[in-house]
Amino acid sequence: MVGVLFLISSCRPDKTELQPVSFVGFERPGHFPAPHYNFKNNPVTKDGFELGRKLFYDPILSASGSISCGSCHLPEAGFADPGKAKSEGIDGLLGKRNSPALANLAWFPSFMADGGINHIEVMPIAPITDSAEMGSSLAKTMLTLNASPTYRKLFKQAFDVDSISDQKLLFALAQFMSMMISSESKFDEHLQGKNVFNESEKRGYKIFQQHCVSCHSGALTTDFSFKNNGLDITSADLGRARITQDENDRGKFKVPSLRNVELSYPYMHDGRFKTLDAVIDHYTTSIQPTPNLAEELQEPIILTNNEKQDLVKFLTTFTDYNYITKPSLAKSKQNL
Ligand code: HEC
Ligand code: HEC
């Protein structure tokens, strides 16, 4: 079983921190495909993972010392930033896009709504150096980390290095991110052959398979393609065209994972929809006839109010309570 990182020894209730009795590194859930990330150069170790976890929640990575990865990626919201269309970064600046839920990142062939980042090991450079997120530079962050005796000790433990390099910082964060595995939702139980859906969820799943699964496919709930799902005639955000410089890619965004989508509102690259009901209304009544509209959405989707409710019910089966409350993925006592 994936996710059992720590066995809490009940005979030692006096300990303040969870005691890592046995550490299980990366394990592929049986109903998932092979991960995209090749762990060969960076196998997940207990020390590397714990270090990545501490870094993820440490504002030391930002220029102001006030913003951490966890400021915009909150566990209780499936690691999204609930209720915020755009997240607040350094100096109260607002970013350009909505903070997405994070899960199953070791399976991602590309990152960001436009797929502009193609490797989990370089992913953190974007938020660290974005002027509206953490507003720093890798050089500055490395100076700050190297000035910290605590971090020098932890990097020594994890990677046996005397001075901290940016590569090792990225390795540690990649270890933490690749362990963010959401695979214990009701949807997963269904995929594992258990009969867990109620009648409404079953009806919703049928609708999902008919109209949504062509893009939000498989256990990962995405095929990672770039599609225009008809939000605007002319998208203000270039989307995939920002990377390819091809006007035909304007308004195409990476098909997002729907894991924990119930908790990660608001929705879409710009957080324009506050509720799942609004998302379904978009797909059923507001698809814009943009020239780049995905083929899969050319035929109108017509649903009754009851069918819409069933579909929303089904979408909540992606909620994974074990994932969002997993102690090993939460802020550790080391951060306090
Ligand atoms: C100020 C808020 C903010 C901070 C701080 C932040 N992020 Fe993000 N994160 C975002 C936003 C917004 C996006 C979406 C950007 C886009 O699509 O262009 C994002 C995207 C991502 C993605 C890609 C997800 C996907 O679906 O492709 C990952 C992974 C990620 N962040 C990890 C991190 C890590 C690791 C850190 C810390 C080093 C971090 N983030 C710091 C707001 C933030
Ligand atoms: C043609 C491919 C395609 C189809 C079919 C499709 N989607 Fe999407 N979906 C996308 C893309 C692309 C986005 C991201 C758009 C953006 O970021 O602005 C998205 C975004 C979403 C989101 C928002 C996720 C988030 O975290 O912001 C939800 C929810 C969603 N889709 C549900 C559905 C449902 C339900 C259906 C079926 C009725 C469906 N989708 C059909 C491509 C598709």
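This is a predicted model: local features need pLDDT of at least 70, side-chain atom pairs count only at pLDDT 80 or more; totals for chains, interfaces and linings use all residues.
Colleague: What arrangement do the six donor atoms make around the iron atom of ligand 2?

Modeller: Two protein donors are H216, through NE2, and Y283, through OH, lying 1.9 to 2.1 Å from the iron atom. For six octahedral donors, ideal angles are 90 or 180 degrees. The six donor atoms here subtend angles of 84 to 179°, so their arrangement is octahedral.

Colleague: Is H216 buried or exposed?

Modeller: Buried means under 20% relative accessible area. H216 has 11% relative accessibility, so H216 counts as buried.

Colleague: How are the rings of F26 and W107 paired: stacked, edge-to-face or tilted?

Modeller: Planes under 30 degrees apart count as stacked and those over 60 as edge-to-face. The centres of F26 and W107 are 5.5 Å apart, and their planes meet at 45°, so the pair is tilted.

Colleague: How many residues apart in sequence are the parts that Y205 and F314 tie together?

Modeller: Y205 and F314 form a stacked aromatic pair, 4.9 Å centre to centre with 20° between the planes. Both Y205 and F314 are buried. Y205 lies in helix α8 and F314 in helix α11, so the parts they tie together are apart in sequence by 109 residues.

Technical notes:
Residues are numbered from 1 along each chain as its sequence is written. Chains are lettered from A and ligands numbered from 1 in the order in which they are written. Side-chain values use heavy atoms; hydrogens and water are left out. Donors are N, O and S atoms within 2.8 Å of the metal (3.2 Å for Na, K and Ca); water is not among the atoms, so sites may look incomplete. Four donors count as tetrahedral if all angles lie between 85 and 135 degrees; four count as square planar and six as octahedral if opposite donors are over 155 degrees apart and all others between 65 and 115; anything else is irregular. Buried means under 20% relative accessible area, exposed over 50%, partly exposed in between (1.4 Å probe, protein chains only). Rings of Phe, Tyr and Trp (its six-membered ring) pair if their centres lie within 6.5 Å; planes under 30 degrees apart count as stacked, over 60 as edge-to-face and the rest as tilted. Helices (H or I, at least four residues) and strands (E, at least two) are DSSP runs, numbered from the N terminus.
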